[in-house]
Amino acid sequence: MKESILHYVWQFRLFTDNDLKTNEGLRLEIIDTGRLNTDAGPDFFNAKIRIGNTLWAGNVELHTQSSDWYRHGHHCDPAYRNVVLHVVKKVDAEVRNVNEECIPQLELRYPAHIDRNYEKLLNEKKWIPCADHVGDVPAIVVSSWKNALLSERLLQKTAAIAKLLSGSIRNWEEAFYITLARGFGFGINSQAFQALAQSLPMKLLGKHKNNLQDIEALLFGQAGLIPATKTDDYSRALKQNYRFLAHKYELHPIDASQWKFLRLRPGNFPHVRIAQFAALIHASSKLFSKTMEQHDLASLRQLLACQASEYWQTHYRFAHPSKRLNKGMSKASIDVLLINVVVPFLFYYGHSKQQQEIKDKALRLLEEMAPEQNAVLAGWQALGLEAASAYDSQALLQLKKEYCDAKKCLRCRIGHKVMQSSNSKPITP
Ligand code: SF4
């Protein structure tokens, strides 16, 4: 028996609640089960219960059996002094708080299929535990859950922006520049790209905005990627330029070992991405303000479209010529930047300035963009949950990562429907 199932039954009032009685036989009425606490301390705060004729307001603690109260040391912990009800699967002892006061207990009774369904979910080895049932869950439940998941995902993404702005960077443009640089890392090199941007203030790059060679020298030099040996004319010129600029601005390169190449397609090599980033900086200043000014998806895509300089059309690394290939940002890469950088940034800006229309614009962008294509989304599609837009795909990615993989089915709205179904009863809205 897992305590989490008791939490779940209590939170959603799935217990059989006619004629509830405490372990001492007193009539018990649950007015409010309280607010789930996921931090240290009692499991539910601010519950309201009536025992006999007395109304109690306080906390509720749940355990598999009463004696767990002592096993967990709650009897000598002042944080549990305000527990007004101990809810257990089995009463096997009297429990007292730090003041030696006896705490009323309730043996929780609930339908047997809840335990059965939970066991099935826990032991299921399919791609997701509810693979056999998710198709039966009403569309309205899935749709409202997707909205909540999307908000949750945006909140997670905006937390990083909030962190930047609460630190030494108090400027939206600078925070956007760093977040955008991070986006150019496309996951695998995001940390390195962020370190690179933080080692090279936007203002400094701005001084050289009209000179692409200077921008490339600063970015490749700070990235620690300009080779000392095996050079060619371009890399030698870049090195010389960087040496001069680094001396002038007292710059120190980041640790080049941060850059990862393993399992990357050449088109995603850091060199190519840095060259594209340099081209973007060269083409536009005040990128955040410009982003805010764009009214539609097409103009935002246009703003982020950038083409690596001539040298990189025939190189993936320094001094290794390759077949000429267009090294412009693909539409798919631009959309990844829109999803991971622009949308969270607009959303957070709208939130901070209390401008709902900016938040709406961010969400609209997601609705207008096609869904990403990857193995996770293919998995959902196979189960009948096809993403119609990036809004949907972001929600489904959040669901898989934060709930299905973590087996948090009891916190999932789909799981809630699956848990309540019994063999004789289909899932109902
Ligand atoms: S978290 Fe939800 S969607 Fe994922 S397996 Fe569990 S019940 Fe299904």
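Which residues have the most contacts inside the largest nonpolar core, and how many residues does that core have?

Modeller: Happy to, and keep in mind that this is a predicted model. The largest nonpolar core has 126 residues, and the ones with the most contacts inside it are Trp10, Leu180, Phe220, Leu399 and Ile414. If you want to know where this core draws its residues from, look at H14: the largest share, 12 residues, comes from that helix. There's also a second, separate core of five residues, with Trp69, Tyr80, Val83 and Val95 among them. As background, nonpolar side chains in soluble globular proteins tend to be buried together.

Now zoom in on Ile414. Setting aside neighbours within four places in sequence, Ile414 is in contact with Cys130, Val134, Val137, Val142, Trp145 and Leu399. Notice that Leu399 is also on the list of residues with the most contacts inside the largest core.

A search of the whole structure turns up two cavities of 30 Å³ or more. The largest cavity holds about 90 Å³ of space. Ile414 and Leu399 both line it, together with Ile128, Pro129, Cys130, Val134, Trp380, Tyr403, Cys404, Cys409, Cys412 and Gly415. Two elements give two or more residues to this lining, helix H17 (390-404) and helix H18 (413-420). H17 gives the most, with three residues. By class, the lining of the largest cavity has 11 nonpolar residues, one polar and no charged.

The second largest cavity has about 40 Å³ of space. Its lining is made up of Leu150, Arg153, Leu154, Lys157, Ile339, Val343, Leu366 and Gln394. Helix H4 (139-166) and helix H14 (331-352) each supply at least two lining residues, and H4 gives the most, with four.

Asn117 sits in helix H3 (residues 112-123). Its relative accessibility is 10%, and anything under 20% counts as buried, so Asn117 is buried. Leaving out residues up to four places away in sequence, Asn117 touches Val418, Met419, Gln420 and Ser421.

Before you go, follow H14 out to the loops on either side. Most residues other than glycine have a negative phi. Ala319, in the loop between helix H13 (310-313) and H14, has a positive phi near 60°. Ala319 is partly exposed, with a relative accessible area of 23%. In the loop between H14 and helix H15 (356-368) you'll find Gln354, which isn't a glycine either but has a positive phi of about 50°. With a relative accessible area of 75%, Gln354 is exposed.

Note on methods: Residues numbered from 1 in each chain as written. Predicted model: local features only at pLDDT ≥ 70, side-chain atom pairs only at ≥ 80, totals over all residues. Heavy atoms only, no water. Buried < 20%, exposed > 50% of the residue type's maximum accessible area, 1.4 Å probe, protein only. Contact = heavy atoms within 4.5 Å. 1 Å grid on protein atoms, 1.4 Å probe; cavity = no way out; pocket = protein on both sides within 12 Å on 5 of 7 lines; lining within 4 Å. Points joined across faces, edges and corners; volume = space filled by probe spheres on them. Nonpolar A, V, L, I, M, F, W, Y, C, P; charged D, E, K, R; others polar. Core = buried A, V, L, I, M, F, W, Y, C linked by side-chain atoms within 4.5 Å.
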